[in-house]
Amino acid sequence: MSSQLYADLKAPVSLLSAKVHFEKLTDKEKLYAHYFSKAAHYGTRIVLRQVSPDSEKVFDLILSFYREVTAASPGTPIASIITAAPYSLSEEDSTYLLEYSSQFLSDLGNYKSFGDVKFIPRIPSSTFAAAVAATGNESLKTLFAKVEAAIYDTEPRASVLLGYPENGHVSGYYPVKSSGEVITKTEIEAIHDAVGGIYLPENTRVVKESADRFLLLVASGVEGPEVIDGEKLEFAVPGISESATVAIKFGDHAREMGLIAESLAKAGEFSANGTQKAMLDAYVRSFQQGSMQAHKASQREWVKDIGPTVETNIGFIETYRDPAGIRGEWDGLIAMVNKERTKTFGALVNGAKEYLGLLPWGKEFEKDVFTPPDFTSLEVMTYAGSGVPGGINIPNYDDIRQTVGFKNVSLGNVLSAKSANEKVPFVKESELELYEKLRGPAFEVQVGIHELLGHGSGKLLSETGPGVFNFERSAPPVSPIDGKPVSTYYKPGQTWSSVFGTISGSYEECRAECVAMYLGTEKSLLEIFGHTETSTEAGVADDVVYIAYLLMARAGLVALEFWDPETKKWGQPHMQARFSILKQFLEYGDRSFVKLKYTDTATFEDLEIELDRSKILSHGRKAVGEYLMKLHVYKSSCDVEKGRELYLETTAVPPELAKFRDVVLRKKMPRRQFVQGNTFVHDDGEIEYRDYDESSEGMIKSFVEREV
């Protein structure tokens, strides 16, 4: 088991640089980006605490060790120092130590940000301990002793996965006190039912103090008050027991939230317009006071800030890593617009209404009015969080998306990152050249459609107020699935994520991926991205479509890495979604569209994907379309019973596919790590953008020189 959890070996490391774009900004814009970036990075320790109880201590160990080791020779590579006396590590152990440190910082914790599985150093604990002892720093030795078990332990088996603590899994969203009280899934749901309508959950954590007393920790710069106007902030939780209560305690992450608010207030001094200033003011209120309503106000202003030179977003955004699917991980984005690539996405936005009309459902399941969103291609300067995505569609607040709108961004320097000679298992040798040439362009098309037309499509049939509906209640829409009027809808106060719960994140990613596959065959859409029947340099349209479908099939196969056969638990929502799409490809019609071919029946070492490109329209697109229609209608009509049944069935791993998991693990490719630059304002007023080496040491040094 331990060998499967070793940190990645020779993971590709790419520099996520926006230096060229940053240096084209005015000084005012540079300062705006600088202070926003500082605010985002101040949330680093919040992410660490959200991941696991010991991640923050391991973080301090890694950075303190680097500082201690390099203090006497600041210009010397750390590998040269720790392979010499008094450390005397072998070159192999030196590499292992640096690679673990780099992956930890890239994931911001000792659990993979993409997969939620623990990883441990390849270097033995005794060797790690000896290297720490060689520094002569007693505080560092004490710190290592405190976290050694947390770094290396792989038992009990369930503890290597993030998830509900009652199942033996780990979650920083539900800290376990020294008394050992472990909160249950039922208790988490009951607390949300009791106070979710008063305190939005995204910026909270929950602690079980005793059998009938719980604390809801609210992230804020101010600590307290626990009493307002003489009333104690405590609520009954009848879903647990008659005597159960939950008290509201402000001041979680107080130091960090205060620094974040302070930096954003400073950024506000350099805002470009009144909309940005209103957005920043709302951010400051939100993070200082712990108000998610203020954060919603910031997002309304953010959506209205069309086409800024410096694009930003910050807060407790994505809920994938909370086992309950409602609490958000800290995220911060600062990026500059790539105007040339943005023109492409502008053309996609202009055609959005036409493409939405091609989706396999009637207009009654689509928004009454489609407000064209801002869709830009960005060069990322800062992405503070546990992983860097290729594209984003936010805000996640359903009411704002439905009434105000949303934005799409494509992160260009993330999508274009590539390393030479990357191995690609499970693709036929004869197709590798075309695959390597077009996987980047095909993925860009997929991400563009996924974000704009995937996450941007659909109407939630709702009772928006007492007796007020956003559809004709007396004549509800007819489901294209069974030809009958829908009978379910969202009640006041209900949201998509609150109703569909733990599956909501993966389910929605699956729906968006299906939209990308379904519309990605449209020739006029492909032409927007420069792919026609004669565009040999950019990629012929049919070839791009073929590689897009092959990419999805391969992603569905390698997704088995993120499925745990013992618990039957998926550790990554996007990969769970892609696996379910692969199943549609494999099982559609006469099962001739996609096949998994092999001759080695013992180890499946020669396993390859065979995709019949002549059947993309007749089989592949139809398979996706039928699946997409069900996913969408069940989501739109709040039919959680049928939606959950469908998704659990399509993401279940049958024995005939589970048998490939071992070969997937043997051939898995390490996930790319991104080194990000830092900015500094010097005493003479100079604003410096500093890049770092594309290496493990470059990753570590970038964090050492960053204020967190």
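Trainee: Anything to know before we start?
Mentor: This is a predicted model, where local features need pLDDT of at least 70, side-chain atom pairs count only at pLDDT 80 or more, and totals for chains, interfaces and linings use all residues. Residues are numbered from 1 along each chain as its sequence is written, and side-chain values use heavy atoms, with hydrogens and water left out.

Trainee: OK. How many helices and strands are in the chain?
Mentor: The chain has 27 helices and 21 strands. Both are DSSP runs numbered from the N terminus: helices are H or I with at least four residues, strands are E with at least two.

Trainee: And how many residues are buried, as a percentage?
Mentor: Buried residues make up 59% of the 708. Buried means under 20% relative accessible area, exposed means over 50%, and partly exposed is in between (1.4 Å probe, protein chains only). Those areas come from the Shrake-Rupley method.

Trainee: What does the chain span along its principal axes?
Mentor: The C-alpha trace spans about 75 × 70 × 55 Å.

Trainee: Switching to charges. How many salt bridges are there?
Mentor: The count is 42. A salt bridge here is a side-chain nitrogen of Lys or Arg within 4 Å of a carboxyl oxygen of Asp or Glu.

Trainee: Show me one. Which residue does Arg157 meet?
Mentor: Arg157 pairs with Asp564, at 2.6 Å from N to O. Arg157 lies in the loop between α8 (138-152) and α9 (185-195) and Asp564 in strand β15 (residues 563-564), so the pair ties together parts 407 residues apart in sequence.

Trainee: Is Asp564 buried or exposed?
Mentor: Asp564 counts as buried, at 5% relative accessibility.

Trainee: Which residue forms a salt bridge with Glu610?
Mentor: Lys428, with the closest N and O atoms 3.3 Å apart. Glu610 lies in strand β18 (residues 608-611) and Lys428 in the loop between α16 (412-415) and α17 (432-454), so this pair ties together parts 182 residues apart in sequence. Glu610 is partly exposed at 28%, and Lys428 is partly exposed at 22%.

Trainee: Which residues are linked in a network?
Mentor: Arg45, Arg49, Glu56, Asp60, Arg255 and Glu256 are linked by salt bridges.

Trainee: What about charges on the surface? Which residues gather in the negative patch?
Mentor: Glu587, Glu641, Glu645, Glu649 and Glu656. Patch residues have over 30% relative accessible area and no salt bridge, and like charges are joined within 9 Å. Asp and Glu count as negative, and the place of a Glu charge is taken as CD.

Trainee: Where does the largest share come from?
Mentor: Helix α24 (residues 640-650) supplies three residues. Glu641 is in that helix, and Glu641 is exposed at 64%.

Trainee: New topic: the backbone. Which bonds are cis?
Mentor: Two to look at. Ala85 and Pro86 are joined by a cis peptide bond, omega about 10 degrees. The bond from Glu155 to Pro156 is cis too, with omega near -5 degrees. Most peptide bonds are trans, and most residues other than glycine have a negative phi.

Trainee: Where does Lys568 lie, then?
Mentor: In the loop between β15 and β16 (569-570). Phi of Lys568 is near 60 degrees, a positive value in a residue other than glycine. Lys568 is exposed, at 55%.

Trainee: And Phe604: buried or exposed?
Mentor: Phe604 is buried, at 9%. Phi of Phe604 is near 60 degrees.

Definitions and conventions. Patch = residues over 30% accessible without salt bridge, like charges linked within 9 Å, V, L, I, M, F, W, Y side chains within 5 Å. Areas by Shrake-Rupley, 256 points an atom, 1.4 Å probe, with all protein chains shown as cover.
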